[in-house]
Amino acid sequence: MAVAFHPETGQLDLRPDSPAYATQLRLITAQIVATANSTVGTDAVRTVRVLPPRSGPPQRPRPPRRTVCRLR
């Protein structure tokens, strides 16, 4: 996801959702710059900075399920 654009430097900041997606973005930065500039019609984007992946709320372990034993 694009989180910021710095027009004075031409830097586009992207924050991926996962480390794997961050790797993919780093591999295609040239394509991102070319596509962004062709869409806008100028050479505004000069560099792409891939920020660390976004971390969500910590996942708490689920408590063990209670089972009911019925005695006859």
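Start by selecting Leu-12 and Val-48: Leu-12 stands opposite Val-48, which sits in strand E3. What you have open is a predicted model, where local features need pLDDT of at least 70, side-chain atom pairs count only at pLDDT 80 or more, and totals for chains, interfaces and linings use all residues. Residues are numbered from 1 along each chain as its sequence is written, and side-chain values use heavy atoms, with hydrogens and water left out.

**The whole chain**

Zoom out for a moment. The protein chain has two helices and three strands, running β-β-α-α-β from the N terminus on. These elements are DSSP runs numbered from the N terminus (helices are H or I, at least four residues; strands are E, at least two). Color by burial, and 22% of the 72 residues come out buried; that means under 20% relative accessible area, with exposed over 50% and partly exposed in between (1.4 Å probe, protein chains only).

**The sheet**

Three of them form an open sheet in the order E1-E2-E3, with mixed pairing. E1 (2-6) and E3 (47-50) are the edge strands with a single partner each, so one side of each has no neighbour in the sheet. From one strand to the next, the twist averages 20°, taken between axes that are lines fitted to C-alpha atoms (for helices over the stretch in contact), with angles from 0 to 180 degrees between N-to-C directions.

Which sense does each pairing take? E1 and E2 (residues 11-14) pair antiparallel over four bridges, while E2 and E3 pair parallel, also over four bridges. Two strands count as paired if DSSP finds at least two bridges between them.

Select Phe-5 next, and you'll find it opposite Leu-12 in E2. Ala-4 has Asp-13 of E2 as its bridge partner. Then follow the chain around the hairpin that E1 and E2 form: four residues lie between the strands, and Gly-10 in the turn has a positive phi of about 75°.

**Along E3**

Side chains in a regular strand alternate between the two faces of the sheet.

**The core**

Select Leu-12, Leu-14, Ala-22, Leu-25, Ile-32, Val-33, Ala-36, Val-45, Val-48 and Val-50 together, and you have the largest nonpolar core, 10 residues in total. Such a core is a set of buried Ala, Val, Leu, Ile, Met, Phe, Trp, Tyr and Cys residues joined through side-chain atoms within 4.5 Å. E2, helix H1 (19-27), helix H2 (29-40) and E3 each give two or more residues to this core, and H2 supplies the largest share, three residues.

Center on Ile-32. Leaving aside residues up to four places away in sequence, Ile-32 touches Leu-12, Leu-14, Leu-25 and Val-48, where a contact means heavy atoms within 4.5 Å.

**Last stop: Asn-37**

Not counting residues up to four places away in sequence, Asn-37 touches Thr-42, Asp-43, Ala-44 and Val-45.
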